[in-house]
Amino acid sequence: MHYLLKRGIAFTIALLIFSTALVYAAPETMPVDQIQPGMKGIAKTVVSGTKIEEFGVEVLGIMKNKGPSGDLILVRTYGDVIDRTGGIAQGMSGSPVYINGKLVGAIAYGWSLTDHKTGMITPIGDMLKLWDMPDSKNVFPVDQSLENETKLEPVQTPLMVAGFGQPALDMLKTKLEPMNLVPYGVGDAPAGTSFGPLEPGSAVGVQLATGDVSIGALGTVTYVEDNKVLAFGHPFLKKGNVNYLMTNAYVFTTVAGLENSFKVGATGEPIGLINQDRGSAVAGLTGRFPSVVPVRITVRDNVLNRTEVAGVHVVQDEQLSPVLAATTVFNFIDKTMDRVGPGTARVRFDITGRDLPVEVLSRENMFYSPANIGELAVGELLEAMALVTGNQYRPVDIMDVKVSVTIDEDRKTATITEARASAAKAKPGETIDVTVTLKPYRGEIMTRVVPYKIPEDQPAGPMGLQVRGGGMIPLTELLLRRQGLDIEMLTGNKNKNQPFADVLKEFMNRDRNNDIVVEQMSMTADELGSTV
């Protein structure tokens, strides 16, 4: 039996070791009202490796109230760095700009499909306000009014993904599309890379997942004071008070493109916490680290006799945690199977959390897909984590997620061909046996006996039973859907005031896909016949 154990344990150690910071004297700043067209200065960024380079900046004008936090400074960039990169590149956001040795702000905005050498600066005064923001982890909706109204676009923040195969990267891209994030597949930073302390112009990472995979955004540091850091010059996701990992970063190269140039790089060692993600910048603290969601994954492929064991930490976030965890599990399913196609998967997961009203949210199920078993296998995990993180009752910090997946290539499905009750008549409270005949795929016919208890309050008269496979839509609901109706329209939503614990228990106890379900039909046969 072959086991693969990667670098998940090393992450915990890294949190304890790499917490150094360099203390800088605070530079003088220049307010917007002192900046005039024609002024020239320099900006700093990394275009390859970890070396900080400079490029020229000339002020073209002040754009009043065009930024999410106030004015923007219109500039033209020039010099050898700009010639090599083809203009302002994705990942340059946050590059500090100095005029007469004074910090004026950060490169932050540009226009696509135009002259990439022209861009906008977020003033440093607006960025410094983030250090006074409350740190209570409130989540704010993403505001896209700036882009919609002015066609002004933030210099996009590349999302670099290491350790993902192409199918998992495609899935991640689809899931993150509503958040306007586009992931790129890259490798890890070269072994032995030396990362110095963050300083203005350094490449910096906002990491969403780390361990046996890495998912993080790249930008540039604008300003450092003691252990406080400002970067990007525009929002990442504009979620307000957040708890993301801050890392140093390595840039492989900067690629010039027709629509946009962009940096290709990798996040490096965890060095702190990003706690503010707002209109003018992202801000964080070195030497302090956020709480994360540990995801422990075991995938077994019985065909290849291969087992993959992985460990990943993802950020605590209502929207991101479920997506990052589910796509990461799919990634290791895909890598273990080393194929895309049909199969049967047995999946079990256990979720524990602070303020979760059940000790463990556990679920075990069986899935078959004729097309892509890996993606289907993670569906309930995504649903469960979203149920916890997005619940309407109270915030829950997920403390641990454990996932176990076993894959077989065989199609382990069966068709119900017949069902017979052991008695034609029964009294309320009595139990009858229902004999179910099954025809397995390419297998011999078999029978199963399922006991069914007549409800104590069952009124006299005909009673219809339906027999179905777990996970299938009940016949009554299917007939209503064909008429464009929802069963809750007739019965009312009985669960809208349901306690959180009951919601979770209902999720854990609902039908499994390999269950045989015998249940009462809510309509008589004549009534059902009239609705077809």
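**Exercise 1. State which residues Thr437 contacts beyond its neighbours within four places in sequence, where Thr437 lies, and whether Thr437 is buried or exposed.**

*Solution.* Step 1: leaving aside neighbours within four places in sequence, Thr437 is in contact (heavy atoms within 4.5 Å) with Thr415, Ile416, Thr417, Glu418, Ile445, Met446 and Thr447. Step 2: Thr437 belongs to strand E24, residues 431-440; helices (H or I, at least four residues) and strands (E, at least two) are DSSP runs, numbered from the N terminus. Step 3: the relative accessibility of Thr437 is 9%, so Thr437 counts as buried. Buried means under 20% relative accessible area, exposed over 50%, and partly exposed in between, with a 1.4 Å probe and protein chains only.

The model is predicted: local features need pLDDT of at least 70 and side-chain atom pairs count only at pLDDT 80 or more, while totals for chains, interfaces and linings use all residues. Residues are numbered from 1 along each chain as its sequence is written, and side-chain values use heavy atoms, with hydrogens and water left out.

**Exercise 2. Describe the protein as a whole by its secondary structure, burial and contacts.**

*Solution.* Step 1: the secondary structure comprises 12 helices and 27 strands. Step 2: of the 532 residues, 50% are buried. Step 3: among contacts between residues at least 6 apart in sequence, 70% join residues at least 24 apart.

**Exercise 3. Determine how helices H6 and H8 pack, and which residues meet.**

*Solution.* Step 1: two packed helices are described by the angle between their axes and the distance between the axes. Axes are lines fitted to C-alpha atoms, for helices over the stretch in contact, and angles run from 0 to 180 degrees between N-to-C directions. Step 2: for H6 (residues 320-337) and H8 (residues 379-389), the angle is about 160° and the axes are 8 Å apart. Step 3: H6 and H8 are therefore roughly antiparallel; angles under 35 degrees count as roughly parallel, over 145 as roughly antiparallel, 65 to 115 as roughly perpendicular and the rest as oblique. Step 4: from H6, Ser321, Pro322, Val323, Ala325, Ala326 and Val329 meet Leu381, Leu382, Met385, Ala386 and Thr389 of H8. Step 5: the residues of this contact between H6 and H8 are 9 nonpolar, 2 polar and no charged. Here Ala, Val, Leu, Ile, Met, Phe, Trp, Tyr, Cys and Pro count as nonpolar, Asp, Glu, Lys and Arg as charged, and the others, Gly among them, as polar.
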